[in-house]
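Here are some notes for a colleague who is opening this structure without having seen it before. They are meant to be read with the sequence and the model side by side.

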Amino acid sequence: MRVLSALLCFLLACSSERTRTDGSTDTDGGSDSGADASADPCACLPGPHTENIFVISADGEIWRFNPRTLDFTFVVGPVCAGQTPFSMGVDAEGVAWINIIDSLAVLNLDLLAPSACTDSTYQRRNPEFGLFGMSFATRSATDVCADLFVMTYSGDGSFDEGPDLGRLGVIDPVGGALTPLASNNFDGGELTGTGDGRLFGFAGVAPVKLIEFDRETGGTLREIPLDGVRKTNSSAVAFFGGDIYLFTEATAPECSTCLDAECGAALDACEDDAVCSEHLDCVLATPMFSDECGGGLSEEMVRCLDRCEACTRGSVARTSRVLRYDLDESDGGGLSEPVEEAPIRIVGAASSPCVPVGPI
């Protein structure tokens with residue numbers, strides 16, 4: 001237990017143990033969405049993780065995103081000695097859990113007092129779980145202790161969808177053991193959990209989807225198609241205040257200007273043709289050319305894209321945009337784009353289970 005957590009428990013006379021769902025006890029960890037820290041050792045520590053989404057860039061910079069103001073604020077970085085992050089979760093104490101591409105390890109970083117990354121309790125023993133999206137979610141609306149859920153990516157090529165391509169599992173943050181829950185149809189998905197025991201994935205292709213999972217069994221409760229959204233090479237998801245925020249790579253603003261100026265009638269014809277339009281959207285989002293992505297473009301559009309370098313800029317040169325899905329329909333439901341261009345290319349996003357559950 002961190003010094004701050006121990007001091008808080010001492011001052012508030014809280015227990016150093018919590019009862020787990022299997023009837024045993026352990027120390028520390030878990031979460032709360034506003035519960036009194038003196039009443040439950042899983043309660044949230046005060047800090048910026050209770051009012052912000054944290055995001056991490058491909059080169060290890062960590063920023064805060066405030067959904068109330070739509071502002072990004074630099075926190076620290078590069079972190080973890082230059083190792084490459086794949087995904088991130090944040091717990092109720094404000095500690096980041098970062099899945100590393102280089103080693104497949106999960107490292108910790110204290111966001112309340114950032115210094116060096118340290119080893120987490122997780123020890124990889126299951127070869128099916130290497131790279132994964134991750135998020136904390138509480139055990140129910142009333143049990144505020146939280147566990148770390150993970151969703152696998154094979155690391156082989158583009159994200160994909162098909163029978164039994166992916167796995168969902170849960171890590172006990174105290175002991176570090178990973179328990180597989182169920183297979184699913186998604187190779188490569190990001191997760192976000194809530195302070196009232198819900199778990200969502202951002203995964204799939206044609207179209208990309210929000211998937212609500214049963215956190216006990218790993219089964220799919222519902223799928224929400226997100227027409228017009230692509231899960232780009234770098235993507236992330238985080239829950240906040242009744243809404244789900246999606247972070248995907250943004251097409252440079254100068255791309256649209258170039259297309260309008262350079263393509264003329266070819267662009268008009270492409271937008272009127274369902275196949276050409278779909279393939280153009282794919283190239284602009286990914287960016288890549290293949291039979292499935294770009295193969296349906298006309299020769300004129302291919303030549304035009306060659307003249308518009310900003311449209312086919314590689315992922316490392318891109319930043320992210322922010323989409324908001326109104327999950328609780330407090331604003332009428334549906335998708336919006338509150339931020340067209342973030343300051344960084346976001347590969348992971350995390351809201352702790354301490355953020356508001358209801359509308360903000």
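1. Cys80 is buried, since its relative accessible area is 6%, below the 20% under which a residue counts as buried. Please keep in mind throughout that this is a predicted model. The sulfur atom of Cys80 lies 2.0 Å from that of Cys117, and the two residues form a disulfide. The torsion about the S-S bond of Cys80 and Cys117 is -75°, and the link is left-handed. Because Cys80 sits in the loop between β5 (71-76) and β6 (85-90), while Cys117 sits in the loop between β8 (106-110) and β9 (118-119), the pair ties together parts that are 37 residues apart in sequence.

2. The disulfide of Cys44 and Cys354 is left-handed because the torsion about its S-S bond is about -100°. Both ends are covered: Cys44 is buried with a relative accessible area of 14%, and Cys354 is buried with a value of 9%.

3. A further disulfide is formed by Cys282 and Cys293, whose sulfur atoms are 2.1 Å apart. Its torsion about the S-S bond is about -120°, so the disulfide of Cys282 and Cys293 is left-handed. Cys282 is found in helix α4 (residues 274-285) and Cys293 in the loop between α4 and α5 (299-307), which places the two residues 11 positions apart. Cys282 is buried, with a relative accessible area of 7%, and Cys293 is likewise buried, with a relative accessible area of 2%.

4. For the chain as a whole, the model shows 5 helices and 22 strands. Of the 360 residues in the chain, 52% are buried. Among contacts with a separation of 6 or more, 56% are between residues 24 or more positions apart. The accessible surface comes to about 14,800 Å², and carbon and sulfur atoms account for 49% of that area.

5. Which residues have the most contacts inside the largest nonpolar core? They are Ile53, Val55, Phe72, Leu226, Ile244 and Phe247, within a core of 31 residues. At least two residues of this core come from each of β3, β4 (62-66), β15 (199-203), β18 (235-240), β19 (243-249), β20 (320-325) and β22. The strand that gives the most to this core is β18, with 5 residues. Apart from this core lies another of 21 residues, including Ala252, Cys263, Cys304 and Ala310. As general background, nonpolar side chains in soluble globular proteins tend to be buried together.

6. Helix α3 (residues 265-272) deserves a separate look, and its buried residues are Ala266, Leu267 and Cys270. Because these residues cover an arc of only 95° around the axis, they lie on the same side of α3. Ala265 and Asp272, on the other side of α3, are exposed. What do the buried residues of α3 pack against? Their partners are α2 (253-263), α4 and α5.

How values were computed:
Residues numbered from 1 in each chain as written. Predicted model: local features only at pLDDT ≥ 70, side-chain atom pairs only at ≥ 80, totals over all residues. Heavy atoms only, no water. Helix = DSSP H or I, 4+ residues; strand = E, 2+ residues; numbered from the N terminus. Buried < 20%, exposed > 50% of the residue type's maximum accessible area, 1.4 Å probe, protein only. Contact = heavy atoms within 4.5 Å. Areas by Shrake-Rupley, 256 points an atom, 1.4 Å probe, with all protein chains shown as cover. Disulfide = S-S within 2.5 Å. Core = buried A, V, L, I, M, F, W, Y, C linked by side-chain atoms within 4.5 Å. Arc of directions from axis to C-beta.
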